[in-house]
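Here's a quick tour for anyone meeting this protein for the first time. Take a look at the model below, then read on.

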Amino acid sequence: MEQRTLRDLPVSAVGLGCMGMSEFYGAGDDAESLTVLHRALELGCTFLDTADMYGPFTNERLVGKAVEGRRDEVVIATKFGNERRKDGSWVGVNGRPDYVRHACAASLERLGIDHIDLYYQHRVDTQVPIEDTVGAMAELVEAGKVRHLGLSEAAAATIRRADAVHPIAALQTEYSLFTRDVEADILPTVRELGIGFVAYSPLGRGMLTGAFRSPADLPEGDSRPLRFPRFGEEHFDRNLALVDSVTELAARRGATPGQVAIAWLLAQGPDIVPIPGTKRRHYLEENVAATDVALDADDLAWIEANVGPASGERYADMGTVNR
C-alpha cells in the first residue's frame, strides 16, 4: 500500500480504526476481530488506531494480541485523556501530567509493547494548560516510551501552543464528506506547521457506506442513535439523501459509496490519512481497495456541488470538543 507521512512518521495511506471491535457499535467478536487485524497487516494496512477508553481497556489488549510477534510490521497509535472506570462509567477529560505518565504505562502493559509509535491526547483538558500536558508527553518521548505525539479534536490555537512545546506529528479529528468544518482553520493550521491529519469516522460512522436505510438497520445494542444526532429520526432521512448522491457517483465509477468517501479524503492531500473502522473482513478489504479508486477533477467538482455537510451535530454532547 502507498505510504503517507505524518510529519516524519511513515504510515499506510489507509489505517484501521479499532474502536468498534470492542464497543459502541453492537456486540463484538474478538476471534473475528483478530482475523480482521491479521488480514489488515496482510493487505499493508499497518496503521492501527486504538485508545485506552475503548472497551474500556479491552481494545488495547486485542490489538496487542494481534501484533504479537509482528511488532516491527505495524505503527500503533493509542490515546489517553478520556478517563473511564473499569465498569465503563465516565470520569472526565484528564490532561494532568501525573495522569499522562500513569496512562502511558498502563497502555504499554495492555498492548504488550515497549513503546507507542503515536500517542495522542484524546481530548483537550481545558482545566490543564496544554503546555503542561504536552510537556509530560514529551518526557515520555525522552524516556523512549513514545516515538511521536498527537492531539485529537484540538482547536487551532491549542495546536499552535502544543507544537511550540514539542513537535506534534498528527492531529486526529473527524473529517468526511459529512463533516468538513476542519477546512476553515484546522487544516490550514496543521499544514502551516507541518502536522499530518488523521481523519477518523471517514465513513460518517458507517452511514456513508449505504448499509443503513433507517435507524432500524443498526445492530442490536448499537449506540449510534443515542450518541450521534445524525442517526436520529430528525436528521436521518436528510443525511440518507446525501448518501444516495454518493452512491450515484460510485455507480458511475464502478465503486462502492464507502470507497468513494475514502477516495475523496485521499484526494484532499497527501497529508490526509483516513482510518475507517470495521470489525468485518469484507468491509476491511473494501475499504483498503478505495486506494485504487481515482477521482478526477470532474468527480471532485460533482461532489462539491451535490454532497453537502450532514444534518445534525456530530455528537449529542459537543462539550469535550475543543474549538
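A word on sorting residues before we start: Ala, Val, Leu, Ile, Met, Phe, Trp, Tyr, Cys and Pro count as nonpolar, Asp, Glu, Lys and Arg count as charged, and the others, Gly among them, count as polar. Keep in mind, too, that this is a predicted model.

## The largest pocket

Using that sorting, the lining of the largest pocket splits into 20 nonpolar, 13 polar and nine charged residues. That's 42 lining residues in total, and the ones nearest the pocket's centre are Met19, Gly20, Tyr25, Ser201 and Arg205. The volume of this pocket comes to about 1000 Å³.

Next up is the second largest pocket, with a volume of about 210 Å³. Its lining includes Asp52, Phe57, Thr58, Arg61, Glu83 and Arg84, and also Lys86, Tyr99, His102, Ala103, Ala106 and Arg110. Helix 2 (58-67), strand 6 (82-84) and helix 3 (97-111) are the elements that give two or more residues to this lining.

Which element gives the most to the lining of the second largest pocket? It's helix 3, with five residues. Sorted by type, the lining of this second pocket has four nonpolar, two polar and six charged residues.

For cysteine 18, the nearest cysteine sulfur belongs to cysteine 45 and sits 8.6 Å away, so cysteine 18 is in no disulfide.

## The chain as a whole

Now let's step back. The chain holds eleven helices and twelve strands, and its C-alpha trace spans about 50 × 40 × 40 Å along the principal axes. A compact globule of 323 residues would have a radius of gyration near 20 Å, and the chain's 18 Å agrees with that.

Of the 323 residues, 58% count as buried. As for contacts with a separation of 6 or more, 76% are between residues 24 or more positions apart.

Notes: Residues are numbered from 1 along each chain as its sequence is written. This is a predicted model: local features need pLDDT of at least 70, side-chain atom pairs count only at pLDDT 80 or more; totals for chains, interfaces and linings use all residues. Side-chain values use heavy atoms; hydrogens and water are left out. On a 1 Å grid over the protein atoms alone, a cavity is a set of points where a 1.4 Å probe fits but cannot get out, and a pocket is an open set with protein on both sides within 12 Å along at least five of seven lines; lining residues have an atom within 4 Å of a point. Grid points are joined across faces, edges and corners, and a volume is the space filled by probe spheres set on the points. Helices (H or I, at least four residues) and strands (E, at least two) are DSSP runs, numbered from the N terminus. A disulfide is a pair of cysteine sulfur atoms within 2.5 Å. The radius of gyration is taken over C-alpha atoms; the globule rule is 2.2 Å times the number of residues to the power 0.38. Buried means under 20% relative accessible area, exposed over 50%, partly exposed in between (1.4 Å probe, protein chains only). Contact means heavy atoms within 4.5 Å.
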